[in-house]
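Subject: Structure handover

Hello,

The structure is below, for your own use.

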Amino acid sequence: MLGLVLRVPGLPLRGTADVPVWKVWAYTAVTRGLAQVYPIVGRSRPPPLTLHNLELVNQGVLLAGNNSYNRVSVPTDYPPGMLALLTGLGWIYQGLIAPDFADSAAFNIVLKAPLVVADAAAAWLLFALVRRRSGPGRSTVAWITALAYWCNPTVIVAGSVLGYLDALFILPLLGALAAQAVDRWGVGWAAWGLAWMLKLQGAFVGPALAILSLPRGLPRLAGYATAALAVIGLCWSPFLAGGTTLGVVAGMRVNTQEDYLSANQANLWWLWSYFWEWHAEGKGPGVRVAIVPSSMIREQGIADLDAWGIGLFLAFVVITGAIWAWGWRGTRRVTLPSTPSLRVADLALVPLQLYAATMLLPSIHENHLMPVLPLILALAGLAAAGAAPGLARRLTILYAALTVIVGLNLVLFYGFGKGVPAPLPRLVFGFDSTVALAAVNVGLFAVTVAVWGVGMGATRATPQGHGDR
């Protein structure tokens, strides 16, 4: 009840500038049809899907067009799964509240209400997963784990207050991790496919899933990939049937072509932006950091920082995958172990690589670190339920620290949304506090990677996989 009571007041609020974008997409899908929600500039409908047209999209010759609602005009750059959900919400709003689709606070409530449901479902999933590990009659750890998510203030502010859609993406992503934890690999891959079709950031989890699945054999891995592709194909089916698939590709390309080093995310590139504006722009250490276009740095002949960021992330995936394989071979495991320390150490590769994506890749937004929170919490609950108190304690500290970092970052940039006074000043004693927050986050990330790497080394040192690491 506490979690619900804390969420309800935020539902009518205007949220961030993203909320009007969700309204544009919902309105367009209802009034023009889901298959028409991804327009192409200068075309009444997208041209057919051919290799030549795909190349034209890649070259920027065929561009995603804008849709409009209530004086907001934007392209559609989210995957088809999210647009299908927004279509349903648009039908509800038009059918039950506003037949003329006039904007109102009720529209905010309709768009945000599924976030509350998704948060509740994620809390239940955390409870069910940890209780399964705890055994009958020992559900205290499961209750604590579920409530630590359901009553998390950062989760509440991001969803019902600011209106980010991450809760809808988090649910299947958490389902993928939970399915792996109970050896339902096909289900896990299907859940990952759904997560990817809700937000493109789901792709960052793909390498970890593939690495953890490899010991089960290539034929099984192909079967798991087929399960994911089946879900992806289902999400794409309205556009395949309507012949508008190229519009989807062009729309999602917008999401991958953002010209930012860091879009207000407390990561490595936000620190880089700070020092750039301090020294190269000559603004001094008290500068209020702004988003730096990566193209500007590239055009000045300094460096292609987009390529550097992608290279750093790919190197991280390879190195962490190699560390995991080294630890796995050291224990001579045929399948993932049942001992809690090893199982959690293996599964930690999923949030670890997702965390790395938010820290190393360019164009990461302020809310993209949100999905790491429930994944870390699930692992902390599994460790506590499996009698690995040291590991549970470290993961709980990481969860608490990331909660503070993500929550502060959102509030420092956006407060509680449009029309609500900012609760915290961004400039403190003439210094941009988001820079200090980014420095803390980079340090925490480095420590997390180091602790995980040492832990994987410890599993190799004890082949039987016993003990608390």
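Which residues have the most contacts inside the largest nonpolar core? They are Tyr149, Trp324, Tyr355, Leu379, Leu395 and Leu402, in a core of 91 residues. A nonpolar core here is a set of buried Ala, Val, Leu, Ile, Met, Phe, Trp, Tyr and Cys residues joined through side-chain atoms within 4.5 Å. Another core, of 38 residues, lies apart from it and includes Ala98, Ala118, Ala167 and Leu198.

This is a predicted model: local features need pLDDT of at least 70 and side-chain atom pairs pLDDT 80 or more, while totals for chains, interfaces and linings use all residues. Residues are numbered from 1 along each chain as its sequence is written, and side-chain values use heavy atoms, without hydrogens or water.

Leaving aside residues up to four places away in sequence, Leu379 is in contact (heavy atoms within 4.5 Å) with Leu177, Val344, Leu347, Ala348, Pro351 and Leu395.

Helix α6 spans residues 140-150 (helices are DSSP runs of H or I, at least four residues, numbered from the N terminus). Its buried residues (under 20% relative accessible area; exposed is over 50%, partly exposed in between, with a 1.4 Å probe and protein chains only) are Ala142, Thr145, Ala146, Tyr149 and Trp150. Viewed down the axis of α6, they fall within an arc of 130 degrees, so they line one face of the helix; the arc is taken from the directions from the helix axis to the C-beta atoms. Thr140 and Ile144, on the other side of α6, are exposed. The buried residues of α6 pack against several helices, including α5 (105-134), α8 (166-181) and α19 (389-414).

Regards

How values were computed:
Helix = DSSP H or I, 4+ residues; strand = E, 2+ residues; numbered from the N terminus.
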